[in-house]
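Hi,

Here's the structure I said I'd pass along.

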Amino acid sequence: MTVISAKNVSKAYGIDKILEDITFNINERERIGLIGFNGAGKTTLLNIIAGALPYDDGNLFIAPGLKMGYLRQNGNFESEKTIYEEFLSFYSDIISMEERLEAIMNEISEKAAAGKDTDSLMNDYAELTDAFEKANGYGYKSELRGTLTALGFTDEYYSKKISTLSGGEKTRLSLGALMIQKPDILLLDEPTNHLDIDTLKWLEGQLRSYPGTVVLISHDRYFLDKTITRIFEVERCRLTTYSCNYTDYITRKREAEAAAMKAYEANRKEIEKQEEMIRRFKQHGTEKLANRAKSRENMLEHMEVMDRPIQSFDKMKLNFKTAVQSGNDVVSGEDLSMAFGERQLFNNASFDIKKDEKICLIGPNGIGKTTLLKLILGEEESPTGIVKLGTNVKIGYYDQEQTLLSPNNTVLEELHSSYRLYDQKELRNILGAFLFRGDDVFKEVSSLSGGEKARLSLLKIMMQGANFLIMDEPTNHLDIPSKEVFEDALLNFPGTLLMVSHDRYFLNKIPSRILELSPEGITEYLGQYDYYEEKKTQLVGGFVAAEEEAKAQAAITKTQQKEQKKKEKALEEEKRRKRREHKQLEEEIMNLEIKISQLHEYMCQEEVFSNADKMLEADYQLKKAEAQLEELYELWAVED
């Protein structure tokens, strides 16, 4: 059954088109992932579906009688109730049934004691009991507590007033409220913000078994892979649908774009070749070549001229460099601990990071990951243990809150204040590579979006020339295309990385090791996120051969890389061979064209055209050269 459909829906703000001729159908129980770069119009479309924003043209259908729930990206949960009181109110119908059942049971007891007939009451009790069971009446308190616990709200939070919570906590509460109320249509705008990995896994399970329809916006690629059944991509005001998860969408889109670009380049190359052949055929006065030129001109007139395909997004150009090389020992920590008042974050944390390693630090929210980074930076002190920095270690720090940016500076001033040896023109060119163009460079930092602040912070780090990058949630606020460019830059970074992240797609791509921070200290896992998950599962079951298997997996990966490089080398050699052959062919054509030209000049000399024997020999040589030239032209025409 179709629950949401749109036909030619359009939306503009003044002269700026946001959405144009958007058409789609969403069926019952589908899970749609709405993706696109920042500012593409994803939230606008979600607001239109929710009825919170009017559209200009087209038609939108929402199946009647369906309840809709909407989690806004920055929506706050406003209430003066405590957390437990608010969540208990979501079960008011069940609580009313529970009270009614108790009342009926009391009435049955009283009538039975008085010897009165209770058949009618017993029937009412049986019917209500059946409805109570179907509504999960016996398990609603367990569901309430389970939802709050999964979202990070333990018993000590229950008596807290919602109005006293942080913005992130309120967003998590809003998410929990929707999951409990189970609307028929669930609209979620960036639901993974403020969630740690354990909570993300809980939410994935909830959405996979969700009884209604889900439409969600997310930049979390791993989350999209685990939850959605279809991709809706908003790009250049239009919407394209893909019946697959995110990873398959990326493959299909890249293949389609590569095929389109290849077809365009082949079309352009063929047109240029035909034009060059026509020019060369006309250059020679033979009737046969003149006819061929005319035939090819007719063919060229009817040939399709393709437009250059538009690239899916305008990429940032990221290239991190180091000013100096660090020593082999970059940083180590031994027996570190941290507490705030009575609350102990972690104990006995030890680690050792070597040059060129790429390390990701993970752990639940509130465990002290950012605090551990600040111990390394020297901004905090541990009551126990010691942190040691190696020789020639130059640190670049990315702060997830971008507090190192000056809010009153313009973008240009922010960069110029740190790098005064660059003139304005140079800085504007650099900013342009990071998508700050035109008047964007005069925006105040305080007015920038989260993604823009993230890009500016990354640019400042890139220009520092640090050889040890410490990054706290670097992919937060970045849209998917920017994340992928950033990840590629990190993979090519010629230094050492230590990063805190909850982005599991990122964790599956960047690190060579994962360090998990817990109250008891740090546990090391060789490999990336999926391997970490596998080892965690095995360790619970008693398997402890993590390091050996990780090394085996790394060896397999290196073998695969060698084979791939071998294939790429062979393909490149084949391309070089073809280029050499093509160049040689063109040289032969040029030499024959010179020879034919010289023969024409020779035959025009009086001592030649007045001598029959010389003319016959020259004519023979000319026809032979022209025949050879035609053969070479045929070969040249079919060359790729």
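This is a predicted model: local features need pLDDT of at least 70, side-chain atom pairs count only at pLDDT 80 or more; totals for chains, interfaces and linings use all residues.

Below is what turned up on aromatic contacts and salt bridges.

Aromatics first. A search of the whole structure gives 13 aromatic pairs. In one of them, Phe132 and Tyr138, the ring centres are 4.9 Å apart and the planes sit at 90°, so that pair is edge-to-face. Phe132 is buried, at 2% relative accessibility, whereas Tyr138 is exposed at 58%. Tyr242 and Tyr249 also make an edge-to-face pair, with centres 4.9 Å apart and planes at 75°; both of these tyrosines are buried. There's an aromatic cluster too, made up of Tyr222, Tyr525, Tyr529 and Tyr532.

A couple of charges sit over rings. Lys160 puts its charged end over Tyr157, 4.5 Å from the ring centre, and Arg455 lies over the face of Phe436 at 4.9 Å.

On to salt bridges: the structure has 32. Asp155 and Arg145 form one, with their closest N and O atoms 3.0 Å apart. Asp155 is in the loop between helix H5 and helix H6, while Arg145 is in helix H5. Both are partly exposed, Asp155 at 46% and Arg145 at 35%.

Finally, shared partners join Arg221, Lys483, Glu487, Asp488, Asp503 and Lys509 into one salt-bridge network.

Cheers

How values were computed. Residues are numbered from 1 along each chain as its sequence is written. Side-chain values use heavy atoms; hydrogens and water are left out. Rings of Phe, Tyr and Trp (its six-membered ring) pair if their centres lie within 6.5 Å; planes under 30 degrees apart count as stacked, over 60 as edge-to-face and the rest as tilted. Buried means under 20% relative accessible area, exposed over 50%, partly exposed in between (1.4 Å probe, protein chains only). A charge sits over a ring if NZ of Lys or CZ of Arg is within 6 Å of the ring centre and within 35 degrees of the ring normal. A salt bridge is a side-chain nitrogen of Lys or Arg within 4 Å of a carboxyl oxygen of Asp or Glu. Helices (H or I, at least four residues) and strands (E, at least two) are DSSP runs, numbered from the N terminus.
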